[in-house]
Amino acid sequence: PFVVRIPDGVSEIEYCAFEEDASVGVILIPDTITKIRRFAFEKCSNLQDVVIPESVNEIEEGAFWECPKIRNVYIPKSVTKIGRYSITTSAETIKVDPENPVYDSRNDCNAIIETNTNTLINGCCGTIIPNSVTKIAESAFQYCSQLHYKFKIPDSVREIGRNAFDCCNLSSLRIPNSISRIENEVFIGSTLSTIYIPNSVNYIGTDAFCGCHNLTDVHIEINDPNSVEFGDNDDCSDVIKGDDNRQRRLWVPNGTRGLYDEHPAFEIFDIIIEK
């Protein structure tokens, strides 16, 4: 990997300019740059050091996505527009300048939060979600290599966008009572082994847990599974079932085993246990 210096006078880093370029180790961005276009550095596997100058006002979708060696990201106060999955979720820290008028990293949470909507739009390995966040945006933690051991979703969160934890490395998670919908592909391909689903959930989307082959224990507090709307499983008939022989357990409220036993959405479980 080597140092790449963007020439002075350049105003934008173009679409896919360095996409999948493994030779880029350090990028030097001059203070004439105002915009970093879509996927400019996506999948730059050896990119380690990025300093975003205060001339930049927009970072577009996927600009620094899936750059596994980036560890620390600082968003200056000048950046007032950030696209979806712009910053790699494998980073250890993400900090937004306290004077930024649009985004913040309140409570040293290591995430990018849209201030006016309290929406967490980009997380990372070190994220601790503040109690003031009301929404986790689409793909916010997608491909996160390892979430913080204290990670949890607070009761303030009312909405989790699709693919939010897609292929994310986490072992156990409790969905808060504030959530009514588990959207499409939210946890698809994640390493979850245990999940707790509250009685407040009335919708479980298409392929929400598809490919979660480590998922052995689902604790569900819903008294009547027939009250839940399920998305089409889109030919993902092995929703969580892998090729291994491990046992899948469904933990249900006392007196509801018969209802779950008869419901086609739960046929994949080997054992249904009342608690």
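The legends below go with an overview and several close-up views of one predicted protein model. Because the model is predicted, local features need pLDDT of at least 70 and side-chain atom pairs count only at pLDDT 80 or more, while totals for chains, interfaces and linings use all residues. Residues are numbered from 1 along each chain as its sequence is written, and side-chain values use heavy atoms, with hydrogens and water left out.

Figure 1. Helices (H or I, at least four residues) and strands (E, at least two) are DSSP runs, numbered from the N terminus. The C-alpha trace spans about 70 × 40 × 30 Å along its principal axes. A compact globule of 275 residues would have a radius of gyration near 19 Å, and the 21 Å of this chain agrees with that; the radius is taken over C-alpha atoms, and the globule rule is 2.2 Å times the number of residues to the power 0.38. Buried residues make up 52% of the 275, where buried means under 20% relative accessible area, exposed over 50%, and partly exposed in between (1.4 Å probe, protein chains only). Among contacts (heavy atoms within 4.5 Å) between residues at least 6 apart in sequence, 34% join residues at least 24 apart.

**Figure 2. The largest nonpolar core, with 46 residues.** Such a core is a set of buried Ala, Val, Leu, Ile, Met, Phe, Trp, Tyr and Cys residues joined through side-chain atoms within 4.5 Å. Look for I136, F141, F165, F187 and F209, which have the most contacts inside this core. At least two of its residues come from each of β17 (194-197), β19 (217-220) and β21 (249-252). Another core lies apart from it, with 34 residues that include I6, I13, V24 and I59.

**Figure 3. A closer look at F187 and its contacts.** Once neighbours within four places in sequence are set aside, F187 is in contact with F165, L173, I175, I182, L192, I195, A208, F209 and C212.

**Figure 4. T34 in a loop between two strands.** The strands on either side of this loop are β3 (24-28) and β4 (35-36). T34 counts as partly exposed because its relative accessibility is 29%. Not counting residues up to four places away in sequence, T34 touches S11, E12, S55, V56, N57 and E58. To place this view within the chain, note that T34 and S190 are 156 residues apart in sequence and 36 Å apart in space, C-alpha to C-alpha.

**Figure 5. T119 in strand β12.** The strand covers residues 119-122. With a relative accessibility of 9%, T119 counts as buried. Beyond residues up to four places away in sequence, the ones T119 touches are I112, I113, E114, K135 and A137.

**Figure 6. Positive phi at F39 and S139.** Most residues other than glycine have a negative phi. F39, however, has a positive phi of about 55°, and S139 has one near 65°. F39 lies in the loop between β4 and β5 (49-50) and counts as buried at 14% relative accessibility. S139 lies in the loop between β13 (135-136) and β14 (159-160) and, at 3%, counts as buried too.
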